[in-house]
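Here is a short report on two regions of one structure. Please look over the sequence and the model before reading on.

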Amino acid sequence: MDFLFSYLVLALIYVLVGLSTNLLVGIVGIFSISQAAVFGVGAYIFANLTMAATSMPFILALAIAGGACVLLNIVVSLPSLRVSGDYFVVTSFGIQLVASAVFVNWVSGTGGANGLPGIPAPEFFGFALDTPPRYVVVAGLATGLGCLAFWLMMRSPFGRLLRAIREDEIAIAAVGKQVLGAKVAAAALAGGFGGVAGGIFAAFMSFIDPYSFDLDASILLLSMVVIGGTRTLAGSIVGPFVMLALPQILTMIDIPSTMAAPARQFAYGVLLIVFMLYRPQGLVGERL
Amino acid sequence: MSYLQINAVDVSFGGLRALTDCGFAIKEGEITCMVGPNGAGKTTIFNVITGFLKPDRGSVSFKDRALTGMTPQQIVAVGIARSFQNLRLFVDLTALDNVLVGIRHQFGESVFGGLFRPIHTASSQVAVRARAMEILDHVGLADKAEIFVRNLSHGEQKLLTVARLLATEAELLLLDEPASGLSARALEGVMDLLRRLQKDGKTLLVVEHNTRVVQKIADTVLFLHQGHLIAQGTASQITSDPDLAEIYFGGVI
């Protein structure tokens, strides 16, 4: 049963990062391929805060990790206000590479390639949430709040403004609305989601290393959003559940263990191509 | 007090002079049509008035207030809004959403309002939606409210651009070729709408190529040629001038 619960927790965490990615890429049209970097910064900040001698409380550490990623994502998204489309993809690629280099090489802060072990599980009133069935409550609560925020945002005039910005920024200016402020606000919100998800991930895994936050991870996140469905709440939820189930299904096929990881990458790649060709709106999304 | 006043505006793009010492005034409550051959600078003057383009020289004032240096957003707030020749509608949104985006002073347009006061946002949207429906009804698109813009006909899309302008509550509307490419019936609809807007108290500056439309709706006609105003008068004065006809149909001065 623990296996099923860990799948559930991980999927919930990826839903939260997926919301962040969907908001930027799907709704505002800022094609970021550095969302795993933001996710990672949240995880490392959270880990350092809770593992310090003072051992900061879970909620406070999570809030600081989220807040730091709000600022980080604003900075990371700023180039998108100046360079558009294809050029921002290249910029974003660079940001992801820089983040990966820092995660691997800043040994005193991140443990380098060996990672950071021993991140404590949260404890509330002496009750430790240290097993997957207990931790589902934490992940479910955070992701539930994230989904609620996403849903409210999409229903509000702010969400409508963001969708319109993706289509035509000049027309937005011509009806007298600000483009810059709305984009920065969306980037901030996406950063908050990513950072909090990072903290929750770190506390659940109790060990983090740079490979959870590299370019492959960013592409996996994008794949989740594309296959689940862009621009919709349902798509952000379905995508991670499907994509994380895939490796489990592959284990049922009898292939040598050395082949397992490449087979998974291969399956993700094929899925992306097939969806782009035959169902670009994903399982439950709107056309990109 | 002058209403909209353009004073000696120069604009050049590299070596190309789009506007040269271009100046004119338009009167409140009138429909002013701007005509001239392709490349005369009609769209460029729209861009200058609405703050999308900084003139190299010259100034624009609205009700004796200088507009030079203002952002497009500030100019809309002052009361001037423009449409685009290539429409620039949000084609993946519904007709109603296109109008809703333009409505002024909505609660919940910032991230905080939308997330932390959802009930107030939802309740204030009721009035905003009613207003948007009223505008759609005014241009004759009430029954198309929930249709995605890419599924609307060209004529309906043109009407929708006017609806989106009305949402801004601007009093001076700059329309870039609102009647081009329309069928005879759709054309009548647009002309009728422009006259109704005038009755509602709007002032219109319209770029138009169709002389029949100009004759029917224009109070004043401005004739632009090579970035300069060369004639101004009533529609019949302008259309009966042989020199202007020569320029319009391919002559040179």
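The sections below cover a sheet with its helices, and then a single residue in another chain.

## The sheet in chain B

The model is predicted. Chain B holds an open sheet of six strands, ordered S6-S7-S8-S3-S9-S10. The pairing is mixed. Strand S6 (80-82) and strand S10 (228-233) of chain B are the edges, and each pairs on one side only. On average, neighbouring strands of this sheet are turned by 20° against each other, direction ignored.

B:Ile80 has B:Leu172 in S7(B) as its bridge partner.

## Helices on the sheet

Helix H1 (residues 42-49) of chain B packs on the sheet. H1(B) touches strand S3 (31-35), S6, S7, strand S8 (203-207) and strand S9 (220-225) of chain B. The direction of H1(B) makes about 150° with that of S7(B).

Helix H7 (residues 184-199) of chain B lies across S3, S7 and S8 of chain B. H7(B) runs at about 150° to S8(B).

## A:Phe213 in its loop

A:Phe213 sits in the loop between strand S4 (207-208) and helix H11 (215-228) of chain A. Is this residue buried or exposed? A:Phe213 is buried, because 28 other C-beta atoms lie within 10 Å, and the cut-off for buried is 20 or more.

Beyond its neighbours within four places in sequence, A:Phe213 is in contact with A:Ala36, A:Ala37, A:Phe39, A:Gly40, A:Ala43 and A:Phe103. A:Ser34 is 179 residues away along the chain, yet its C-alpha atom is separated from that of A:Phe213 by 9.1 Å.

Note on methods: Residues numbered from 1 in each chain as written. Chains lettered and ligands numbered in written order. Predicted model: local features only at pLDDT ≥ 70, side-chain atom pairs only at ≥ 80, totals over all residues. Pairing = 2+ DSSP bridges. Helix = DSSP H or I, 4+ residues; strand = E, 2+ residues; numbered from the N terminus. Axes fitted to C-alpha atoms, helices over the stretch in contact; angles between N-to-C directions. Contact = placed C-beta atoms within 7 Å. Buried ≥ 20, exposed ≤ 12 C-beta atoms within 10 Å, placed from the backbone.
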